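Dear colleague,

Here is the structure for your files.

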Amino acid sequence: MGALGTGKIDFFNDLTIGNLTIINNWSNPLKLVRGFHIVELSTGTFLQGNPLKGSEVKYNVKTAKIIEADAFFPQVLYKTKDPDFTIRIYSPFVPHNLKDSSLPVIIFNFKGNGVIAISFPNITGSRRWGRANFKVKGKVNGVLMKNLRALQSDPAYGEIFLGCEGCKTHVGHSLWVPAIKEGMTEDISVFNKLNENLEKYYIKPFAREEISGIVWKEVKGEEYFYLTWYFNGRPHNYPYGHYYENWFKSAVDVAEYVNENKPGIELDENRDWLNEAFRNSLYVITNSWLTKDGRFAIYEDPQISLLMNTIGGMTWDGASFALLEFFPELVKKMDEYFTIYINEGEVPHDLGEESIEDPIYGASYPYSWNDLGSTWILMIFRDYKFTNDLDFLKRNYPYMKKVIDWLIRKDEDGDGIPDSKGGFDNSYDGTYMYGASSYVGSLFLCSLKAFITASKILGYDTSEYEKILDKAKETMNSLWNGRYFIAWKSGELKKESCMNSQILGEFWCDILGLGNVIDEEKVISALKSIYELNGKASKFCLVNSVNPDGSIDESTDQMKSCWPRISFAIASHMILKGMVNEGLEIARKEWGTISSRYPWNQPSKINAFNGDHFGLPYYIGSLSVYLVKYALKVRQFHP
């Protein structure tokens with residue numbers, strides 16, 4: 001659960017939590033969270049399957065008999081039996097309303113009858129000393145948790161609020177105590193002796209104490225509780241401030257706003273497999289930054305690479321298709337933001353390593369990548385095409401020209417396509433390609449066509465670029481083997497494998513309404529070959545590369561794996577070209593593997609042989625399943 005740029009908290013099937021990143025710790029989640037409990041006080045029943053999950057010493061506690069969980073991002077619906085409650089936990093998501101979609105809040109909506117108590121730990125400040133809880137009484141009652149000794153340079157500098165309208169509060173829960181014999185355990189006996197008279201409670205100097213706040217209220221039908229946070233420090237790892245600081249001054253402010261306005265989730269509620277795939281893949285937005293000045297970035301992955309807004313191979317470029325529908329100005333701003341860092345025509349790979357100001361130019365230095373420029377041009381033309389913002393196209397056109405000219409200079413052998421030199425010089429950064437690559441060539445062809453189209457819209461001469469386009473088409477066609485476009489060729493050397501991304505540029509041209517660059521019959525034949533060869537090579541996913549006989553290409557880890565973001569793009573291309581059943585089959589198989597194994601931690605790669613998680617975790621390209629949904633909408637087809 002979480003919103004744009006706020007961090008998140010993982011909720012598990014048993015209604016416990018973990019992997020918390022709300023304290024500016026996206027890449028260092030707080031895995032174990034002690035002190036979060038939901039209790040029905042009149043019966044002394046925990047509405048959690050394992051309330052002592054974080055304790056060293058366990059003992060028997062009364063829990064609900066049945067807990068059912070239904071996740072449909074950004075919410076999870078729990079149902080308990082004996083006592084009977086429905087608990088809807090969610091973070092607001094309102095398209096075209098950035099304020100309400102970046103609220104640092106998790107909302108608990110209870111339906112049932114009983115007395116509900118919720119506790120949450122004070123985790124403000126990176127050290128325990130200085131933590132203090134305060135009773136708050138007002139439009140929303142609750143416990144305000146702060147750290148009186150934390151400095152603004154501390155990532156966890158800020159405050160947390162737990163409350164509800166009219167609820168009672170207990171500020172002085174010391175939650176981590178010695179067990180009866182040995183070891184430490186959580187003090188959950190406090191729920192039998194709640195004291196609403198305390199005004200404040202703090203950890204005394206040198207104490208190794210952990211504290212939490214508790215709120216409770218009688219539920220007669222329905223009630224809302226709010227967990228809000230406000231971390232406004234300027235630490236070394238995130239000196240940018242949060243977007244929510246523009247609207248609020250404290251965690252209590254946020255709670256009062258949410259209580260008054262009740263922002264919800266305004267997304268398609270259909271529960272067919274594809275909408276579930278899309279909704280649950282939106283989880284990746286919880287690994288995002290949204291700065292006070294409105295800059296937005298998603299980690300390529302928050303554990304290993306730590307790069308922000310990586311482009312190429314359907315990464316940020318894939319995720320931003322969906323976000324462009326919901327927050328077009330935000331996406332345009334960040335795509336245009338790349339222009340600051342275009343270096344003599346070379347587009348960077350990302351915006352930086354846990355930074356949005358220190359980009360990397362190709363993630364395998366010293367090789368410059370020859371697919372990033374094409375990708376960026378297509379992103380810019382897409383943003384114009386989908387929003388009809390002519391001023392946006394005019395502003396970015398000079399940079400598009402710089403980039404396309406740089407790409408043309410990368411063609412040293414005069415065949416019209418930027419040369420691949422084998423040095424991991426594109427998004428397949430663990431695979432050697434030489435000479436003319438179908439993947440690189442296809443993207444370049446479409447980006448060149450997009451640039452020519454933009455030039456004509458703005459009234460510029462395109463004759464020289466059209467000559468290059470004709471030459472590039474000839475070279476691309478020279479890779480045709482009668483069934484598909486081979487991976488690459490350089491002089492007498494060639495790799496005749498069938499890559500699933502061989503005509504990825506044609507997908508972009510199709511979705512942008514630019515028409516074919518290569519002949520239609522070859523596009524259809526290539527897609528059919530990808531379906532028959534790459535699609536049938538694994539029962540788990542669409543394999544990146546297969547040999548002409550259909551066996552998996554095991555030359556590199558990247559070739560023998562599947563990249564879901566590419567798979568969903570290819571599936572959507574099939575749908576756009578009328579191969580609806582084939583495209584849906586590919587997409588459903590890919591999602592079946594993901595949803596049954598790791599829906600909340602989609603990998604950059606899937607092992608084609610056994611379907612295992614492979615590569616980078618929590619991958620930025622997770623949202624590319626949206627492309628299948630979009631293609632079906634274009635075709636006016638319902639799965």
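**Notes on the model**

Tyr 626 is buried, at a relative accessible area of 6%; buried means under 20% relative accessible area, exposed over 50% and partly exposed in between, with a 1.4 Å probe and protein chains only. This is a predicted model, in which local features need pLDDT of at least 70 and side-chain atom pairs count only at pLDDT 80 or more, while totals for chains, interfaces and linings use all residues. Residues are numbered from 1 along each chain as its sequence is written, and side-chain values use heavy atoms, with hydrogens and water left out.

**Aromatic rings**

The ring of Tyr 626 pairs with that of Phe 278: the centres are 5.6 Å apart and the planes at 50°, so the pair is tilted. (Rings of Phe, Tyr and Trp, the last by its six-membered ring, pair if their centres lie within 6.5 Å; planes under 30 degrees apart count as stacked, over 60 as edge-to-face and the rest as tilted.) Phe 278 is in helix α2 (residues 273-281) and Tyr 626 in helix α13 (residues 626-635), so the pair ties together parts 348 residues apart in sequence. Helices (H or I, at least four residues) and strands (E, at least two) are DSSP runs, numbered from the N terminus. Phe 278 is buried as well, at 3% relative accessibility. Both rings belong to a cluster linked by ring pairs, whose members include Phe 93, Phe 386, Trp 508 and Tyr 630.

The count of aromatic pairs is 37. One of them is Phe 36 with Phe 120, where the centres are 6.3 Å apart and the planes at 75°, so the pair is edge-to-face. Phe 36 and Phe 120 are both buried.

Two charged side chains sit over rings (NZ of Lys or CZ of Arg within 6 Å of the ring centre and within 35 degrees of the ring normal). Arg 149 lies over the face of Trp 129, 4.4 Å from the ring centre, and Lys 262 has its charged end over Tyr 224, at 5.2 Å.

**Cysteines**

There are two disulfides, each a pair of cysteine sulfur atoms within 2.5 Å. In the bond from Cys 446 to Cys 509 the S to S distance is 2.2 Å. Its S-S torsion is about 125°, so this disulfide is right-handed. Cys 446 is in helix α7 (residues 438-458) and Cys 509 in helix α9 (residues 504-511), 63 residues apart.

Cys 541 is joined to Cys 562, with S to S 2.1 Å. The torsion here is about 60°, so this disulfide is right-handed.

Regards
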